[in-house]
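Dear colleague,

Please find the structure below, followed by a summary of what was found in it.

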Protein chains: 2
Amino acid sequence: MNNAMDRLIKKIKETNNPTVMGLDPRYDMIPESIREKYSKDVEGACKAILEFNKGLIDSVCDIIPAVKPQIAFYEMFGVEGIKVFNETCKYAREKEMIVIADIKRGDIGSTAAGYSNAYLGKTALGDEKISIYDVDFVTVNPYLGIDGVKPFIDDCKEYGKGIFVLVKTSNKSSGELQDLKLEDGRTIYEKVAELVSSWGDELVGEYGYSSVGAVVGATYPIQIKELREIMPKTFFLIPGYGAQRRKSRRYSIRIQRRYRRNSKCIKKLNGSI
Amino acid sequence: MNNAMDRLIKKIKETNNPTVMGLDPRYDMIPESIREKYSKDVEGACKAILEFNKGLIDSVCDIIPAVKPQIAFYEMFGVEGIKVFNETCKYAREKEMIVIADIKRGDIGSTAAGYSNAYLGKTALGDEKISIYDVDFVTVNPYLGIDGVKPFIDDCKEYGKGIFVLVKTSNKSSGELQDLKLEDGRTIYEKVAELVSSWGDELVGEYGYSSVGAVVGATYPIQIKELREIMPKTFFLIPGYGAQRRKSRRYSIRIQRRYRRNSKCIKKLNGSI
């Protein structure tokens, strides 16, 4: 199945579950039973994070369709952290989960191509093309316009990958720019929504949704409704459902039980659901 | 001198040169005399890039005040690339150049803090705080509003660092979003300029400029003039002066001569000036 959104939707149907597990590891929230196995330096912290991530993935891979590692929480540990990011993505894909790398990259054309090659496509090296991270989706920032998004779309077409473009983010100050009204009465996020919808036209899959999706915060439910009308063929990635308060208690408890059964150690999940 | 913009301006005055050397390495444009020393895989490519970067830095460190490595061109080589990014930044700082990491990150608060800790501040690990990359400046994307920028500003204050926030980017499609008119008649980039100016209020240094700077493309000279009026205390990082056509032939030739003298091999510079 070469359309990434089709793959994601199929997986959601199979698990009957539309949630994605965030993998935003905080070393100080990882159970002591894992941390005590490793040294207290960057290398040890990264090993603890990887074990924790793998435990979470093992526990939920048959009931949750996708994971979303937030790369900042790996990048903050430098090279060792990036290794763990890569290992986590690989492990989740081995367990047949869909991987959405939350990288929110955005840059001018040639630079955006560099990012896109790293995560969705392949990096050219002489006559060879080398796969670097190989995830299913990445998140993309639209501030630079189509130049910064097109390289990702090209790789989506060539490699059967997908992107989620930031439209209305879940944070408190998202309105500072995104909610400003344009001279035609629309908000900036509505205009971005219109652009995202058009950028995805050529990538609509069998289920009727494009591999160019949108990030729309669950913290803004009224806007979600409006945006659905502007973007009828756009799949929404909706952060803010878990750690940012709108938690589903049912799933949270179910996952905690699973994890306890496997590792018998967890007290608190720090992957946001 | 604990204000980053003061350090940059002092360096510009010392060298009597307001240019920054981009370090956006393209493996296929690195001289064969360097490439042939190493294997033709990712590891070898990264070693060639590092040698090339060091050669460039050696050649210009007394005539150019700052370097701007674009992280996408390192990230595209995965973990090995990130090592070279780090080594390049370290080497440039050893040679007393100012390092502007062109990362264009932007995310919600806690995530932005992760990025900021990695590049400007320190990553907490138990009771310890560890320095990961330690550059002077990073570039930041404003689409998420102040939440996504504040963690960087906090680290600027604590660690004497600086940021350049994207206002009007140099690429062709930058106007797709940035030039749209708001209901009050201003453009989006003018509104962003106003925000950036206010975000920088507390970080104005001895020379009268804030450590919160702005990215304004040289490809849009009329807008630069307008933006100077909106942001009188904001230092501008102006891409598009070199590789994106507005090249200064004088500096380009001077640097090529220097590099030839040192390495006797270069044919074409791929660091954009």
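Between the two chains, 55 residues of chain A are in contact with 55 residues of chain B (contact: C-beta atoms, placed from the backbone, within 7 Å). The model is predicted, so to speak of local features pLDDT of at least 70 is needed, side-chain atom pairs count only at pLDDT 80 or more, and totals for chains, interfaces and linings use all residues. Residues are numbered from 1 along each chain as its sequence is written, and chains are lettered from A and ligands numbered from 1 in the order in which they are written.

On the side of chain A that touches chain B, H6(A) gives the most, with six residues. Helices (H or I, at least four residues) and strands (E, at least two) are DSSP runs, numbered from the N terminus. The residues on this side of chain A comprise 27 nonpolar, 17 polar and eleven charged (nonpolar: Ala, Val, Leu, Ile, Met, Phe, Trp, Tyr, Cys and Pro; charged: Asp, Glu, Lys and Arg; polar: the others, Gly among them).

Chain B contains an open, parallel sheet of seven strands, ordered E1-E2-E3-E6-E7-E8-E9 (pairing: at least two DSSP bridges between two strands). Strands E1 (20–23) and E9 (234–237) of chain B each have a single partner strand, so one side of each lacks a neighbour in the sheet. Strand E8 (residues 210–216) of chain B pairs with E9(B) over three bridges, and B:Val215 has B:Leu237 as its bridge partner in E9(B).
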